[in-house]
Amino acid sequence: MEPRWPRRTLGVRGGSRLAFAAITAVIAIGVGCGYDSPGTITSGILRKYQRQSGSKPLTAGGMIRIRLVLSRAGIEASGSSELLWEPWRYRETASSGGWTTTRGIEYGKAFYTDFDGVTRVVSEPVLRELMTRSYFWRRAWLFQNREDARTFLGPADDASVSIRFQPPGANPLTMSFSRRDGRLLSVRSARFHLEFSSPTKFRDLSDPATPLEGEVGWVGLPTGRLPNPLAGGGRARFPETPSLVPFERRGGAIIVAARIAGEPVRLAIDAAADGPVLLSPQLAGRLPLTFRMDVYGRYVAAEASLEVGGVVYPSLFVQRSGDVPAGADAVAGACLFREAVVDLDPETRQFGLRDPEKWVIPEGYFRVVIDDDGDVPVAIVDRGKHALRLTAGSDTGEAALLLASQSAARVGLADKVTAKGLMWGAIKLPDLPLQVSDRGFFPDWGDDGRVGFPLLLRFHVYIHMPSRWIYLRPAGTDVRR
């Protein structure tokens with residue numbers, strides 16, 4: 001006899017505690033009256049899905065090929081994704097517009113190979129996200145032991161029921177199934193959201209700003225063993241002696257003189273620019289580059305050179321974009337932070353990129369851990385027992401900190417315009433101008449906001465992301481131990 005489905009939870013959506021409580025209350029009341037246990041109901045939901053779809057757990061080593069399409073008014077572009085795995089290893093490779101990127105897990109560590117071919121070991125939030133994606137795509141949730149994941153009944157309504165999985169080391173994963181025919185409707189986790197229209201077709205809403213159409217084209221065995229990723233591949237060429245360039249403030253940005261493809265430009269520095277170097281449409285039109293639209297709707301071009309002081313990047317991907325701030329021609333972040341020691345000196349108002357192989361740690365500086373979310377430097381700032389993970393060195397206007405509203409509420413700063421009681425490592429920060437927003441942040445993933453230059457310029461800063469440290473020396477008397 002098939003286990004009964006959980007009853008509908010009236011007026012409740014998402015993964016709320018109320019929805020979970022409503023379902024478990026129904027089950028608890030019904031145990032003595034012939035209702036099945038939550039574990040039995042969960043197993044019944046998955047058995048019905050398997051019976052209707054014919055899906056089975058995949059082998060210990062496998063491959064999935066996915067076609068991706070961007071389709072919106074007047075725009076269509078395509079790309080592809082390839083998923084590969086074997087025991088203790090997993091990777092996702094995406095290609096479009098001439099670039100290829102890879103994210104993966106290698107024996108408990110996450111790595112990222114970016115659009116310029118530079119490979120880095122990256123942060124725990126990236127690892128947790130990849131473990132969640134791996135758990136879903138390998139169909140580990142169909143194994144008899146669910147690969148040691150804890151399972152809970154999730155929200156239900158008239159049309160669907162859901163199961164919440166908590167795989168070891170991964171983010172929570174909620175999967176929704178149709179009451180009528182048992183098919184998979186959706187998958188939701190931090191920075192991972194798919195809505196299925198058929199067993200092979202889905203809408204990828206992981207980045208709400210760029211929804212994609214996806215179709216699984218092939219599932220089978222890999223054609224060979226996964227190659228071992230090798231950290232490195234840097235593009236920067238450093239001069240024999242360090243070179244610094246003056247910077248100026250413009251709104252919330254800092255701007256330096258640079259050259260792109262031989263053209264003099266005003267380059268804004270922004271650590272949140274984690275993709276190709278951004279070019280204004282006016283600059284892009286002057287350069288001898290060929291731009292192609294990729295699956296994310298970006299117009300990208302390859303093999304552009306960048307020079308900042310004496311540091312030369314002979315070949316980088318660039319993107320034509322309308323998001324370049326006023327007063328600048330271009331914006332760079334990822335290519336600068338991933339392979340150089342970024343030097344920001346507010347007293348001399350100079351900016352530099354130093355060779356990490358030759359740079360000597362200075363005396364008299366606080367040393368604080370900094371994380372790497374994939375070419376993005378992330379500061380860890382504490383307020384009491386709570387920690388905030390903030391992109392370090394971004395355009396936040398006049399505010400020193402920009403926080404997601406959910407993160408601000410978590411640390412007791414909701415509806416505040418001043419952030420008080422913050423610690424950055426051993427440094428007690430003064431009261432700081434604060435802005436609260438929800439523009440593109442993922443606080444449940446570990447993306448809580450940004451540190452702006454109004455805070456960074458209180459220090460002489462060396463951001464050494466290759467070694468995961470930031471070095472800080474107060475530029476005045478605003479900061480004390």
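Trainee: Is Ala261 buried, partly exposed or exposed?

Mentor: The model before us is predicted. Ala261 has a relative accessibility of 29%, and therefore counts as partly exposed. Ala261 belongs to the loop between β15 (253–260) and β16 (263–269).

Trainee: What is the phi of Ala261?

Mentor: As a general idea, most residues other than glycine have a negative phi. Ala261, although not a glycine, has a positive phi of about 50°. Glu147 is another case, with a positive phi near 55°. Glu147 sits in the loop between α3 (124–137) and β7 (150–153), and its 31% relative accessibility means that Glu147 counts as partly exposed.

Trainee: Which residues touch the most other members of the largest nonpolar core?

Mentor: In soluble globular proteins, nonpolar side chains tend to be buried together. Here the largest nonpolar core has 68 residues, and Leu279, Leu306, Leu336, Phe351 and Trp424 touch the most other members. Leaving aside neighbours within four places in sequence, the contacts of Phe351 include Leu244, Ile254, Val308 and Leu336. A second, separate core has 52 residues, among them Ile64, Leu70, Trp137 and Leu153.

Trainee: How many aromatic pairs does the whole structure contain?

Mentor: A search finds 15 aromatic pairs. One of them joins Trp359 and Tyr462 in a tilted arrangement, 5.1 Å centre to centre with 45° between the planes. This pair links distant parts of the chain, 103 residues apart: Trp359 is in the loop between β23 (350–354) and β24 (366–372), and Tyr462 is in strand β33. Trp359 counts as buried because its relative accessibility is 13%; Tyr462, at 8%, is likewise buried.

Trainee: What geometry do Trp424 and Phe459 adopt?

Mentor: Trp424 and Phe459 form an edge-to-face pair, 6.0 Å centre to centre with 85° between the planes. Trp424 lies in strand β29 and Phe459 in strand β33, so the pair ties together parts 35 residues apart in sequence. Both Trp424 and Phe459 are buried.

Technical notes: Residues numbered from 1 in each chain as written. Predicted model: local features only at pLDDT ≥ 70, side-chain atom pairs only at ≥ 80, totals over all residues. Heavy atoms only, no water. Helix = DSSP H or I, 4+ residues; strand = E, 2+ residues; numbered from the N terminus. Buried < 20%, exposed > 50% of the residue type's maximum accessible area, 1.4 Å probe, protein only. Core = buried A, V, L, I, M, F, W, Y, C linked by side-chain atoms within 4.5 Å. Contact = heavy atoms within 4.5 Å. Phe/Tyr/Trp six-rings, centres within 6.5 Å; stacked < 30°, edge-to-face > 60°.
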